Amino acid sequence: MSEPSPDLAILRGYELRLLRCTFLSPSPPSDPEQPSDQTSPTHPLSPLISSLLTSIESGRYLEALTSADANRLVFKLTDSDSLDDPDRVYSELLRRVESFICEEAEDNGKDQAYRVVVVLCIAVAALLAFTQSNLTGPLEGLPRCPLPMEVPLCDEWDNWARNQLMAAGSDLLGKVYNIQYIIYAKILVMKMKDLLFEGSLSCAYGIRSLSWWLARVTFLHQRILDERSSSLFDLLHVFTSETLNHFGTLEKVTSYWGNDLRNGEGSTLVSVIHLEAGMMEYIYARVDSCRLHFESAEAAAGVKLSVTGVLGFRTIHQVEPKAQMVLLANTTSSKSGALCSSESPGPHRYDSIGRNDISKHPSESHEASDILLTPRLVENESDSGVISDGIQVGGAAADPLSAIQQAVILAKCLLIEKSTRHDDMQRWEMAPYIEAIDSQLSSYFIIRRCCDVLRIRWESRRSHTKERALTMMETLVQGINDPSPGVADRIHFCYGIYIPTVSALRKEYGELCVRCGLIGEAVKIFEDLELWDNLIFCYSLLEKKAAAVELIKTRLSETPNDPRLWCSLGDVTNDDACFEKALEVSNDRSARAKRSLARSAYNRGEYRTSKLLWESAMALNSLYPDGWFALGAAALKDRDIEKALDGFTRAVQLDPENGEAWNNIACLHMIKGKSKEAFIAFREALKFKRNSYQLWENYSHVALDVGNVAQALEAARKVLDLTNNKRIDAELLERIMTEVESMASPTNSAMTDDEDNFLVCGTTNAASEVGKSREAEHLVEFLGKVLQQIVRSGNGTDIWGLYARWQKMKGDLSMCREAWLKQVRSYQGSDLWKDRDRFKKFAKSSLELCKVYMEISSSTGSRDELLSAERHLRNIMKQAGSFADMEELQHLKACLDEVKLKLDCDSVST
């Protein structure tokens, strides 16, 4: 491979410096006075780029955004520029950016590439400033507008930016600070990407990290929304795939940056990109893809994680040690495993680059609880402190883990949270990973903060540690605005670790206050965050809902163009006019307002209107979890079977555990006569709704339709169990009996044997015969248990005939006779000779009873059976004069003649 040109190496060095701002570099360059990207500063823009990079690296993002040289070269903003319409201003900025990159550049790709890097630096500065305001803190120090000019109407510009973000199909999650910064960053990076795609930029100097920054901007956009957005998911999928294609392996990273990479930095880059890709899959609940990316990140970080058990103490006053789950980390840097849970009482530092910032909580216990933060493991009797399997305990502390390895450990917590059941055990499965980070003496600020959030969520659900969790949460929220550590130090790994935004964190704090009974404190938090729904809930608890309505109306008088306020007012007043006003002020882009109007129309019985509104709402955001189910329900009421089936199908694609949706899909397939599809859907529905006897009934019919007799019997038995033997489907059992008789009959076995002998021979034929015979025997036994359960309950008036047929299959003619006799008696009564349908059943049962009489007589030679049959038939003939025209009566006469003939023959022989 040929060596890259000096300019290409410099440009890629600029890219690497920008990326280094967001993750830990394993080691500094050997000669810091001669960075690789400054070896040949031949281009006129190199000093400007270096100045922008220096500002960004030191956390002075505003300095980069307001650079006079950048403004003069790129944007050319003057005091005479009109600032009335933000849409027009930003559009004009993009036009000037395109002119700066394409029209003003010299006729070569190198000059364009340098200009792209200038714009990329400004975009990254805006993104990192937004990240500081909404993710890492501190919140102060930045103006509301990122442009290097004074904007007189910042509120209107913020409303414009808010509507731009909400156009993705979801409201914002609470208050978003400095909202214009992410819009500024996104449009700049997207413009450069579009120019590269259109061919306006040369691919020879292609800036491949553009896709990575675009993925970060888009993912951050998703994180500040209240719901998942389908449009953002599509963009994220494209940008993340491009980034993985460029930097997904160590070979690709090394070939792109070459000698500019520091020791181990290539592996860190690969691990970070897989962590970010995994978090994208995590937020959209794609568990399998998330697991693959996290496993790739784990491999690239050079660590192998596993959970083991070690004796230890969980509380201060515990006397006997108990088994504790601890994390074992086998790293490539050491031959033995490093146990990441330690009883070392040393302080926590936020990073490993020389600062001594002490964590706010000790590593052992806390005054609010006697539960230890990390388990104190049993010390070994020897002085070495080492036991088998490389686990270090006693006086020796756990081996330190690098920042990227700690990030991988926290990512495992996300995977456990998404892939396991949400119960108390889930948090205990996450505990070894949380304690592994707590045991580290040195961690980055963002890693420590993520670990604290996970611990608070765990301990807030336990009665003995809830008070400690509340104290830790209060400290964590207050620490957002602490001046130390600095901005640049906080930003490390902010994209490689999933931490809640500032608004989301404060919302969790408010919800924790509600659970602890601190409603007044929660009201203040939710009002400051503009979380009106949570605020209404708190006022409802205080029985002051009217105060919430007045507060919302007051805010509407100040900001009448906020669709969230109109939707919240509509929810509390049940007034559709509020939702219509929300649509008006959002330019028909409020998905929440359309969903509320759709629900209201459904409740009024206007199903067609509801269906159309749900379709419009789901077109804005197709990832709303309950929307597709509601659309299917409205379409079903409107008799639109295909649209209903599509809605329920999309619902289970988003939520495979929606048993109601699976049931509806199965019923719709039953209506359409598609038994196979209905059988599959019912089987999925029963995984989540096993106590619905109606579902089991439908499943039994469909199972029999597809020929699965065993499943049909199992479903019938389940219906009996759930209804205490009250719900009996005689028609279904009749069909099952016919199928089982066919399978168990000697004629069917003979036919099957002939076919098998024609097709196969030898051992294959014998094995097939044995298998079918065993299946038939199993079904006969299973059917008998179901029938016996019914007849013993006393509710099977129509089942005695089936029970008699089963006894005949078993070869017990005596029990068969008794069962048919009970079936006949169940039909007898004063109404028998007036009800033709009842007489029809009575005649059929009597005919079968007499046939059994004759069969017993033939086998035993007893005349008593024939005489009983004759008496029974003569009695019917005397009373059934009104049914002379019925075919069943003629069959009984023929049977009587046959019985007489047998009696005469028996008399002659005697």
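Author: Of the 910 residues in the protein chain, 54% are buried, where buried means under 20% relative accessible area, exposed means over 50%, and partly exposed lies in between (1.4 Å probe, protein chains only). The model is predicted, and local features need pLDDT of at least 70, side-chain atom pairs count only at pLDDT 80 or more, and totals for chains, interfaces and linings use all residues. Residues are numbered from 1 along each chain as its sequence is written, and side-chain values use heavy atoms, with hydrogens and water left out.

The protein chain has 40 helices and 4 strands; these are DSSP runs numbered from the N terminus, with helices being H or I of at least four residues and strands being E of at least two. A contact means heavy atoms within 4.5 Å. Among contacts in the protein chain with a separation of 6 or more, 64% are between residues 24 or more positions apart.

Now the strands. Two strands pair if DSSP finds at least two bridges between them. Strand S1 (residues 303-315) runs antiparallel to strand S2 (residues 322-331), and 10 bridges join them. S4 is mostly covered, with 6 of its 7 residues buried.

Glu-429, in helix H15 (residues 424-438), is in contact with Met-325, Ile-416 and Thr-420 once neighbours within four places in sequence are set aside. Glu-429 counts as partly exposed because its relative accessibility is 30%. Glu-417 is 12 residues from Glu-429 along the chain, and their C-alpha atoms are separated by 9.1 Å.

A charge sits over a ring if NZ of Lys or CZ of Arg is within 6 Å of the ring centre and within 35 degrees of the ring normal. The charged end of Lys-418 meets this over the ring of Tyr-282, at 4.8 Å from its centre. Arg-115 lies over the face of Phe-100, 4.6 Å from the ring centre.

Rings of Phe, Tyr and Trp (its six-membered ring) pair if their centres lie within 6.5 Å, and planes under 30 degrees apart count as stacked, over 60 as edge-to-face and the rest as tilted. The count is 24 aromatic pairs. One of them joins Tyr-803 and Trp-806, stacked at 5.8 Å centre to centre with 20° between the planes. About one helical turn separates these two, because they are 3 residues apart in helix H36 (residues 800-810). Both Tyr-803 and Trp-806 are buried. Elsewhere, ring pairs link Phe-75, Tyr-90, Trp-157, Trp-160 and Tyr-184 into a cluster.

For the cysteines, a disulfide is taken as a pair of sulfur atoms within 2.5 Å, and the count is 0. The sulfur of Cys-850 is 4.7 Å from that of Cys-895, its closest cysteine sulfur, so the two are too far apart for a bond. Likewise, the sulfur of Cys-145 has its closest cysteine sulfur in Cys-154 at 6.0 Å, too far for a bond. Cys-850 is buried at 0% relative accessible area, and Cys-145 at 6%. Among the contacts of His-872 beyond its neighbours within four places is Cys-850, along with Val-824, Phe-842, Ser-846 and Leu-849. His-872 is in helix H39 (residues 863-879) and counts as buried because its relative accessibility is 14%.

Last, the backbone. Most residues other than glycine have a negative phi, and most peptide bonds are trans. The bond joining Gly-137 and Pro-138 is cis, with omega about -10°, and Pro-138 is in the loop between helix H6 (109-136) and helix H7 (154-166). The bond from Ser-484 to Pro-485 is also cis, with omega near -5°. Phi is positive at Asn-178, near 50°, and at Glu-530, near 60°. Asn-178 is buried at 12% relative accessibility, and Glu-530 at 15%.
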